[in-house]
Amino acid sequence: MKKIIAAAVAAAFVAPVYAADITITGDQEFSYSDANGTTATAIDGDFNVKASTETANGISVSADINIANDGGDDGSASLTLSGEFGKLDMGDTSSAADSVDDRTDYSLVTGVATTAGDAGIGWTLPSLVPNLSIYLSHSADNTYDGTATGAGAEAHTGVALEYAAGPVEVAYAENENDDGSKITYVGGTATFGGAAVSVERMDDDATDTEEAAMGISYGMGDMTIYLAQEETQVANATTADVTAVGLQYSLGGGVTAFVESSSDDKDVTAETTAAGVTFAF
């Protein structure tokens, strides 16, 4: 009898595990860099645990837990519901502007990026018009872990529109912050064979900052080369003019070797060259 009871208790704890599909993915990256004569090595990695299931009425449910290689929270943890209403992502997710930006962010260590803040709730609407995607976001005064919302991730309500027509994709987004300020983003990408050209601009009137970037990448078999340039203006004065170039080569099995370099015409001390290898699994 005791064995039967013990087995029943064990089954009660084990059963929920079998009710969900669980996958583990991640990556590990090593780099060696030289920044104006100062060399450094870095190791950066994380793994993602994702569980998914489906409710009795057909709603797909998934949970993402991202853990850094030091055991800490690596961000982007969320609970997602998907169905005829679209996809609702709750936790640490992308804001409207963040859902369509970073088109010129090719680099792994150095480079350029027009990155907006995160949100607490993101809603991808069901398809209303062919090739048109609509994304809404909201962020509360405090983040999902109870800390105050930081700069670039203000309490906001946002909307993003992304439209694809053949090889061309264009996007527009606004994050309307609770303090009356806003982030505005516009960008686009054109893809022709192995080449892709992207342009983007982000204005943040809370900090009077404007970022404009353009980039091109070209893939040839296992190798991809890229060039990106970004100019940042604060109060109409150029504070950064960064150019980044790089090469990535796939070795197969999720392993990629890379070498890249960046420089800033507004800061002669901001020159960095990096090389390394990354493994995604």
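A residue is taken as buried when its relative accessible area is under 20%. By this criterion, 33% of the 281 residues of the chain are buried in the structure, which is a predicted model. The accessible surface of the chain amounts to about 15200 Å², and carbon and sulfur atoms account for 60% of that area. The secondary structure consists of one helix and 16 strands. Of the contacts in the chain between residues at least 6 apart in sequence, 40% connect residues at least 24 apart.

A nonpolar patch on the surface is formed by F30, Y32, I43, Y249, L251 and V277. Together these residues have about 570 Å² of accessible area. Two strands, β1 (21-35) and β14 (237-252), each contribute at least two residues to the patch. V277, another patch member, is located in strand β16, which spans residues 267-280. The relative accessibility of V277 is 35%, so V277 is classed as partly exposed.

T256 is part of strand β15 (residues 255-264). T256 has a relative accessible area of 18%; because the limit for a buried residue is under 20%, T256 counts as buried.

Two aromatic pairs were identified in the model. Y106 and Y226 make up a tilted pair, with a distance of 5.6 Å centre to centre and an angle of 45° between the planes. This pair links distant parts of the chain, as Y106 and Y226 are 120 residues apart. Y106 is in the loop between β5 (86-94) and β6 (118-124), whereas Y226 belongs to strand β13 (residues 223-234). Y106 is buried at a relative accessible area of 17%, and Y226 is likewise buried, at 6%.

F279 and F281 also form a tilted aromatic pair. The rings of F279 and F281 are 5.6 Å apart centre to centre, with 40° between the planes. F279 has a relative accessibility of 37% and is therefore classed as partly exposed. F281 is also partly exposed, with a relative accessible area of 46%. Both aromatic pairs are thus tilted, with the residues buried in the case of Y106 and Y226 and partly exposed in the case of F279 and F281.

Methods
Residues are numbered from 1 along each chain as its sequence is written. This is a predicted model: local features need pLDDT of at least 70, side-chain atom pairs count only at pLDDT 80 or more; totals for chains, interfaces and linings use all residues. Side-chain values use heavy atoms; hydrogens and water are left out. Patches are made of residues with over 30% relative accessible area and no salt bridge: like charges are joined within 9 Å, nonpolar side chains (Val, Leu, Ile, Met, Phe, Trp, Tyr) within 5 Å. Accessible areas come from the Shrake-Rupley method with a 1.4 Å probe; for residues, only the protein chains shown count as cover. A salt bridge is a side-chain nitrogen of Lys or Arg within 4 Å of a carboxyl oxygen of Asp or Glu. Helices (H or I, at least four residues) and strands (E, at least two) are DSSP runs, numbered from the N terminus. Buried means under 20% relative accessible area, exposed over 50%, partly exposed in between (1.4 Å probe, protein chains only). Contact means heavy atoms within 4.5 Å. Rings of Phe, Tyr and Trp (its six-membered ring) pair if their centres lie within 6.5 Å; planes under 30 degrees apart count as stacked, over 60 as edge-to-face and the rest as tilted.
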